Amino acid sequence: MTKPSLPELLHAAVAAVGGTERPGQVTMAETVAEAIDDGSHLLVQAGTGTGKSLGYLVPALAHGERVVVATATLALQRQLVERDLPRTVDALHPLLRRRPDFAMLKGRSNYLCLHRLHEGVPQDEEEGLFDQFEAATPTSKLGRDLLRMRDWADETETGDRDDLTPGVSDRAWAQVSVSSRECLGASKCAYGQECFAEMARERAKLAEVVVTNHALLAIDAIEGAPVLPQHEVLIVDEAHELVSRVTGVATGELTPGQVNRAVRRAAKLVNEKAADQLQTASEGFERLMELALPGRLEEVPEDLGYALMALRDAARTVISALGSTRDKSVQDEDVVRKQALASVETIHDVAERITNGSEYDVVWYERHDRFGASLRVAPMSVSGLLREKLFTDRSVVLTSATLKLGGDFNGVGASLGLSPEGSHTEDAPVWKGVDVGSPFDYRKQGILYVAQHLARPGREGTRGDMLDELTELIEAAGGRTLGLFSSMRAAQAAAEELRGRLDMPILLQGEETLGELIKGFAADARTCLFGTLSLWQGVDVPGANCQLVIMDKIPFPRPDDPLMSARQKAVDEAGGNGFMAVAATHAALLMAQGAGRLVRASGDRGVVAVLDPRLATARYGSYLRASLPEFWYTTDRNQVRRSLAAIDAAATAAEASGGAGAAQAAEASEG
């Protein structure tokens, strides 16, 4: 039998998911197959509605070697494992004459720990363990959740937190899960044979396709000890998120509360001298943190340096003592010891990292209204790490609806450690960028309106003219508005003001879970939804109920963001343009994602309104506009009001006649 062609395989897979084959999807599948075959690297921008999941899954499955797919969001992981992969494998089976296995793999703390569930949680203040089920009254929310998880443990095959519905709070989950540092290890644990995390790893070792998340991919790259099985192909979906996820994993933090917990956990297990040394160091650190002012520390102050050295040395003493003393009077000593060791090792590692002081790290104080001060350290850049760890010994495909900023892939490429496209330097990974477009006709389906007549946004104070403009636009649209704000404070102020002006529901992020808010927004045409960062990327509402997307201002990083400002300064000092490389790239990525909320299906119509005149007037405005979908562009406020009123009238008429909205929603993209 002749080997099936890629077009045949793609056609079978698309038919199986009930989709329509699109030119961009075909182009994507072909370029992914080429990259896999010649072992090169590919950045592929695939707009909403392309069906990019099949665009990479089909060539990856056809290749026959193990592939890891890393995604940023739970929604896409679920879509791949529960919908796309089962259907695609079934569709390709008759053609490939084999049925590839697939598996999901996450970090250990995402799985229920049977030891902790059955034996209890090490308690900080008391010796031994306590039964969290007895401690939490069944009448409390925590108590009910714990009892529900105990029942669920007998039914679940995966122990995966995301398979527990309805979900539980982080506090409840912490009672039944462990981090990789706290885990006893399968060989030492009484429940090692039944361990959900270990079973997930075993399934991944046998699978041809392993679906994971960016965080686990980052841990695999940073920590050196492989977590993921050996693989020949890595596909990074939602790749615009990768740098921030890797940065998050590579960021260390110290807080007084965290240090105090480590002291309590270790005190019962080590000699008095070692415990006192850590206690004294902890008190010195806490006194300093009470006076900490938010901001970057270009150099570690002398008093902080001494406090950190004291913490580091005391932690090292305790780690040695934990390894050499045994105390059989402590109930389930191995578990208590492991948790104490994990806490103290984290403190030692972060204190040592800051004390050693690397030119490649940024150190800063943060102050939170609820949690107090913290000391943080993060890499100036993760590009070198990604270049070294990501693009070695495997073909890498990175895909997203937004990778091409300002007209090319070089900005995102540089953040990943790649040289400019087409340049050939020794040891530099060879890559190319491909934009396969979108099935949507953006110029006919959407308008990009910039409110050029408004005053430039200032750092502080309410923007009265912006709120007036916002009110008029929402009235013209008849509701149907997603408001994307650059800060939570701005979103709250706008919601408060407009609830007094408009007779329509305005939902605000934080007042309900994100899922409930989006459901409420999608269900009622007159409803508006206001919020900040997660709404810029997390909303998928095709149809007539989202016809106006508003951005209050260009989402540059805050000027006092220590990490972003340090990165900008470093680029400037190296002779580059720090503002364009860091601030403008950050804003372009967010704006492209935000604008992508408008057109989610082929029947969608609407307006993206940017209430910041700088998009039209500033020199960098053309770079930002070139990063957005190719909407019809205008600064004419009257034209936009007429267009919104016409779109609202058409949608209202369609709703009155029934069914049109449902037909539009059915065309929603899978990409």
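Which strands does helix 10 lie across? I looked this up before anything else. Helix 10 (residues 214-222) lies across strand 2 (67-71), strand 6 (209-213) and strand 7 (233-236), and runs at about 95° to strand 6. For such angles, axes are lines fitted to C-alpha atoms, for helices over the stretch in contact, and the angle between N-to-C directions runs from 0 to 180 degrees. Helices (H or I, at least four residues) and strands (E, at least two) are DSSP runs, numbered from the N terminus.

**Ground rules**

I noted that this is a predicted model, where local features need pLDDT of at least 70 and side-chain atom pairs count only at pLDDT 80 or more, while totals for chains, interfaces and linings use all residues. Residues are numbered from 1 along each chain as its sequence is written, and side-chain values use heavy atoms, with hydrogens and water left out.

pLDDT is the predictor's confidence in each residue, from 0 to 100. The protein chain has a mean pLDDT of 88, and 93% of its residues reach 70 or more. I marked residues 660-671, where pLDDT stays under 50.

I followed an open sheet of seven strands in the order 3-6-2-7-12-1-13, with parallel pairing. Strand 3 (102-104) and strand 13 (431-435) are its edge strands, each pairing on one side only. On average, neighbouring strands here are turned by 15° against each other, direction ignored. Two strands pair if DSSP finds at least two bridges between them. Strand 1 and strand 13 run parallel and are joined by five bridges; Leu43 has Gly433 in strand 13 as its bridge partner.

**Gln45**

I then stopped at Gln45, which lies in strand 1 (residues 41-45). Is Gln45 buried or exposed? Gln45 is buried, with a relative accessible area of 11%. Buried means under 20% relative accessible area, exposed over 50%, and partly exposed in between (1.4 Å probe, protein chains only).

A polar atom of the Gln45 side chain lies 2.8 Å from the backbone nitrogen of Leu403. For the backbone nitrogen of Lys404, the distance to a polar atom of that side chain is 2.6 Å. Leaving aside neighbours within four places in sequence, Gln45 has contacts (heavy atoms within 4.5 Å) that include Phe409, Val434 and Asp435.

**Helix 1**

Next I checked helix 1 (residues 6-16), in which Leu6, Leu9, Leu10, Ala13 and Val14 are buried. They sit on the same side of helix 1 because they cover an arc of only 130° around the axis. That arc is taken from the directions from the helix axis to the C-beta atoms. Exposed His11 and Ala15 are on the face turned away from the buried side. What covers the buried residues includes helix 2 (23-38), helix 3 (52-63) and helix 4 (74-96). After helix 1 comes Gly18, with a positive phi near 70°.

**Strand 14**

My last stop was strand 14 (residues 446-450), where five of its five residues are buried. Gly446, Leu448 and Val450 point one way, and Ile447 and Tyr449 the other way. In a regular strand the side chains alternate between the two faces of the sheet.

Strand 14 pairs in the parallel sense with strand 19 (residues 606-610) over five bridges, and Val450 stands opposite Val610.

Notes: Polar contact = N/O pair within 3.5 Å; in protein donor to acceptor, adjacent residues only side chain to side chain.
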